[in-house]
Every structure is written in structure tokens, then in C-alpha cells.
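Please open the structure in your viewer and keep the selection tool at hand. The tour moves from one selection to the next and says what is there each time.

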Amino acid sequence: MEDQLDWLRLLRSRRVGVSTFFRLMAEHGNAKAALAALPGIAAAAGVKNYAYCPEQVARAELKAGRIAGATLIAFGAPDYPKALAEIPDPPPLLWARGDIAMLNRPAIAIAGARNASSLGMRTARKIAVDLGAAGYVIVSGLARGIDTAAHQAGLPTGTIAVVAGGVDVVYPPENATLTQEIEDQGCIVSEQPMGMRPTNRHFPRRNRIISGLSAAVVVVEAAAKSGSLITAREALDQGREVFAVPGHPFDARTGGCNMLIRDGATLVRGARDVTDVLPGRPESDPVAVDEPGGQDTRTWRDQAALHTEILGRLGPSPLAEDQLIRDVGGGAAEISPALVELELTGKIQRQPGGLLSLA
């Protein structure tokens, strides 16, 4: 307990970041000795009247963690995520709520736009469901849009939410119910202090943990400048695989995904495109990733006939996608990939509210 307190005091001390924490630990052998050396180090650097984190502040955080039912996991402990320990700048301490054993299961991250389209949301759910059935935990950032869809779909098989604030802070507010469901069925983790409200500067640092916990990152609908691309860059720096779902070249929400594919990311049509690339798949249901868009068994003649039927039922007046699927008479799993293909070739266009029309 005292070691845990000293670690927390050292990490929460002013001007002590992750790299400085590990350097001090290496130089002084333990946190207590590093704390004692801090004022002298600060004075030598020209920082006057330096004071490290008071004991009562660290004890208050530990108490807040106990009240919230959270567990503090230290780097090097048996419960610390093994995958996360391998990245260049792993968090020295992690707060976790829920099933901490989930942190050491094979995992894949799904990231994407907050203002996602209905098709993007369905795509994220489908990929998350199939990856979960294949034995992977779904990791995401509990943001609006794609993150929310991925977590919801991953609840039955396992999901980890990496949050930018404290694990006892609900953000965004509309995800309060989902946050409770993840705590009950999955795991919520953060390197931030208990009670910390997330700010803009916390999110980029949070993203390295999302990718660090995962064997791969799948990006669904990301703009050319977005947090999802930060996660993808972190994944590449950490030696993780990066996958991206393609989108229409005129849709700003998918510009980042198309850029990733242009620059070498693996194009994803379904979960099998992910699992076929990753070595050593976990135990899985052999049917779990047998979805259209993964190994497509339709012939080119079948695809052409489906495209012709879809185009024949559309006109300049928008039609609801659900209505189109009913009119064609197939299932959404069969028709949705065809709609993506037609959208990519510029033959149809997507309107607000889930409507489709000829381009």
C-alpha cells in the first residue's frame, strides 16, 4: 500500500510525466527515493520552491478510487495489460473499473467519427459483433458516434472503454447508461486522476492507450484531421496493424480513412479482412466472421444484377435505405456492401436522414 502511495505521489507531482517517472525510478530505485530527490533536481534545473505531491492528496485519490469501486494497477503488476506494457510510454498507473481480467485478453480497437453516418454506425456495429464472436475484446474511447456503436455491439463478448478523464467521470453525459453497462460487463480504464474532467489535451494521450491495448486498430469514418488518425499514427508507432473502411471520396467524414488506405492501411470490408491478417487468432466461433463483405461468395454476375436492381429502384427523389432494402427483398448484410460499392463509384448519393438517391 505504501509503495502504491509513493508511486501515486511521484506521478502526480508537478512536471513529472511518464518518461520522467520511469527515468526517476531507474535512477533512484524506488518512488520514495525519487520523491526525496525531486526538490534537489528541480532546484538544479532553476525551479525554486518546488514541492512534490502531498501525501494527503494521494491518499484522497486512493480513497476516491475505493469509493468508486476502482482498482489501481501499477506497471509491472500481474494485472497490468501485457500489450500496453510493450509500448514506448506505458502509463505507470492505471485506474480500472469493471472486469480487469479483460485487459489481458486479445483485443482490437475501433475508432471513428463522432458525427458518424447511419451507414458508418452500422458498419462499426457489424465489425464489432463479428470480431467479438471471433474472440476479440473491442476497445474504443467511449465518444459519441463510432465509439458508442462499437462499445454497444461489443458488450455481450467484451469491451474496454479508455476514457480521457477519471474513470469515475461520465463523459459524454448521454453515455451514462452505456458507461454503467461497460462497468458491469466490460472494463473502463484511465491514467487520469479520479474525478478529473476531460479536456482537449487529454484525448491525444488517451489514444495511445487505446492502440496500446490492441493488436490492431480499425478506423471507420474519420475526417482528414481527426483524433482517429492520431490513434492510427500511435498504432503504427507501436507496431500495431492499421485497417480502414473506405468511403466516398466526396464525403468529408471518410477522407481520413481513404488517406490511410492510400498510405498503406489495409482496406476493410468486414471482420474477416481483419482476422485474416492478424497472426494467432483467439478461440472463436467458426461462423462468427463469415459475413458478406469479408469473403464475398457472390459472382460478378450476381453483383451486377444486384446493382442493376438497386439502381432501377432509385431515382432523383430520395428513398429511405430501409425501404429500399425491403423493396429489393434481400437482407441488410447483403445489400449494404452493394450500396457502399455504388456510392464509391458515384452512381448513388446519400442524403441526410438515411435517404438514398441516384447521383
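**An enclosed helix**

Begin by selecting helix α9, residues 202–212, in which nine of the 11 residues are buried, so that this helix is largely enclosed by the rest of the structure. Bear in mind throughout that this is a predicted model. The buried residues of α9 include His202, Phe203, Ile209 and Ile210, and also Arg206, Asn207, Arg208, Ser211 and Gly212.

Next, select Arg205 together with Asp89, whose side chains meet in a salt bridge with an N to O distance of 3.2 Å. Because Arg205 lies in helix α9 while Asp89 sits in the loop between α5 (82–85) and β2 (93–98), the pair ties together parts that are 116 residues apart in sequence. Are these two partners buried or exposed? Arg205 counts as partly exposed, at 35% relative accessibility, whereas Asp89 counts as buried, at 18%, since the cut-off for buried is under 20%.

Now select Arg253 and Asp251, where another salt bridge joins the side chains at 3.4 Å, N to O. Here Arg253 is partly exposed, with a relative accessible area of 28%, and Asp251 is buried, with a relative accessible area of 17%. The structure as a whole holds 15 salt bridges.

**A pair within α2**

Move on to Glu27 and Arg23, which form a salt bridge whose closest N and O atoms are 3.4 Å apart. Since the two residues are four residues apart in helix α2, about one helical turn separates Glu27 from Arg23. An α-helix has 3.6 residues a turn, so residues three or four places apart point the same way. Both are partly exposed, Glu27 with a relative accessible area of 49% and Arg23 at 42% relative accessibility.

**Where two helices pack**

Finally, select the whole of helix α2 (residues 18–28) along with helix α3 (residues 31–44), which pack at an angle of about 105 degrees with their axes 9 Å apart. That angle makes α2 roughly perpendicular to α3. Which residues make the contact? On the α2 side they are Leu24, Met25 and His28, and on the α3 side Ala31, Ala33, Ala34, Ala37, Leu38 and Ile41. If you colour the residues of this contact by type, you can follow how they divide into eight nonpolar, one polar and no charged.

Note on methods:
Residues are numbered from 1 along each chain as its sequence is written. This is a predicted model: local features need pLDDT of at least 70, side-chain atom pairs count only at pLDDT 80 or more; totals for chains, interfaces and linings use all residues. Side-chain values use heavy atoms; hydrogens and water are left out. Axes are lines fitted to C-alpha atoms, for helices over the stretch in contact, and angles run from 0 to 180 degrees between N-to-C directions. Angles under 35 degrees count as roughly parallel, over 145 as roughly antiparallel, 65 to 115 as roughly perpendicular and the rest as oblique. Contact means heavy atoms within 4.5 Å. Ala, Val, Leu, Ile, Met, Phe, Trp, Tyr, Cys and Pro count as nonpolar, Asp, Glu, Lys and Arg as charged, and the others, Gly among them, as polar. Buried means under 20% relative accessible area, exposed over 50%, partly exposed in between (1.4 Å probe, protein chains only). A salt bridge is a side-chain nitrogen of Lys or Arg within 4 Å of a carboxyl oxygen of Asp or Glu.
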